[in-house]
Amino acid sequence: MDALKAAQMLRLMLFTMARTTCVVLATALILLLMDLTVENTSIFDMPMASLPSAGLALLMGIPVGLFLLSCAASLWEEKLRERNRVREKECLRETLERFPPSGLSGAAQRRIPRRRAGLRPGRSSTDR
C-alpha cells in the first residue's frame, strides 16, 4: 500500500471515530438530561462535586483529539498529493524535452507506428 492510500484511510478512519464518539457522547448527555428531568431536578441544581470535571474533560478531549489527528492526516494526504503532482509534471517535462522544438522530422514520424497513434495502417488522419 502506498503512502497516499494509507493517509486517505487514516484520515477517514479518524474522522469516523471522532463522529462516532461525538454521537455516543451526545446520546449519553441527552439520556442524562432526560433522567434528570424525570427526577424533577435540573442540571443547575446538582452540586458541582457530582460532576467529575476530569472525566468530563477526558470524554470531551477524546473526540477533539481524534478530530485534530484527522486534520493532521488530511494535511499529510494533501502534502503527498502535491508531491505526486510535482513528480508527474516533472516526468511530463522530461518527456517533452526529448522532442525537438520544431516537431518531429519526416523520418521520425515514419518510425512511429500508426496503430499507436490511433490510426489503422494505410489510412490518414483525415479518413476517420
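Two residues are in contact when heavy atoms of one lie within 4.5 Å of heavy atoms of the other. The model described here is predicted.

Contacts of Ser70 were examined first. Ser70 lies in helix H2, which spans residues 53-97. Residues up to four places away in sequence were not counted. With these left out, Ser70 touches Arg11, Leu14 and Phe15. The relative accessibility of Ser70 is 0%. Buried means under 20% relative accessible area, so Ser70 counts as buried.

The surface was examined next. A nonpolar patch is formed there by Leu10, Met13, Met17 and Trp76. Together these residues have about 350 Å² of accessible area. Helix H1, residues 3-38, gives the most to the patch, with three residues. Met13 is found in helix H1. Its relative accessible area is 43%.

Side chains of opposite charge can pair when their charged atoms come close. The structure holds five salt bridges. Arg11, Glu77 and Arg81 are linked in a network of such bridges. Arg11 is also one of the residues that Ser70 touches.

Arg85 takes part in a salt bridge with Glu78, with the closest N and O atoms 3.9 Å apart. A salt bridge requires a side-chain nitrogen of Lys or Arg within 4 Å of a carboxyl oxygen of Asp or Glu, so the pair of Arg85 and Glu78 qualifies at 3.9 Å. Arg85 also forms a salt bridge with Glu82. Here the closest N and O atoms are 2.9 Å apart. Glu82 and Arg85 both lie in helix H2. They are three residues apart, about one turn of the helix.

Another salt bridge joins the side chains of Glu90 and Arg93, at 3.5 Å from N to O. Both residues belong to helix H2. Because Glu90 and Arg93 are three residues apart in this helix, about one helical turn separates them. Glu90 counts as partly exposed, at 36% relative accessibility. Arg93 is partly exposed as well, with a relative accessible area of 47%.

Methods
Residues are numbered from 1 along each chain as its sequence is written. This is a predicted model: local features need pLDDT of at least 70, side-chain atom pairs count only at pLDDT 80 or more; totals for chains, interfaces and linings use all residues. Side-chain values use heavy atoms; hydrogens and water are left out. Patches are made of residues with over 30% relative accessible area and no salt bridge: like charges are joined within 9 Å, nonpolar side chains (Val, Leu, Ile, Met, Phe, Trp, Tyr) within 5 Å. Accessible areas come from the Shrake-Rupley method with a 1.4 Å probe; for residues, only the protein chains shown count as cover. Helices (H or I, at least four residues) and strands (E, at least two) are DSSP runs, numbered from the N terminus. Buried means under 20% relative accessible area, exposed over 50%, partly exposed in between (1.4 Å probe, protein chains only).
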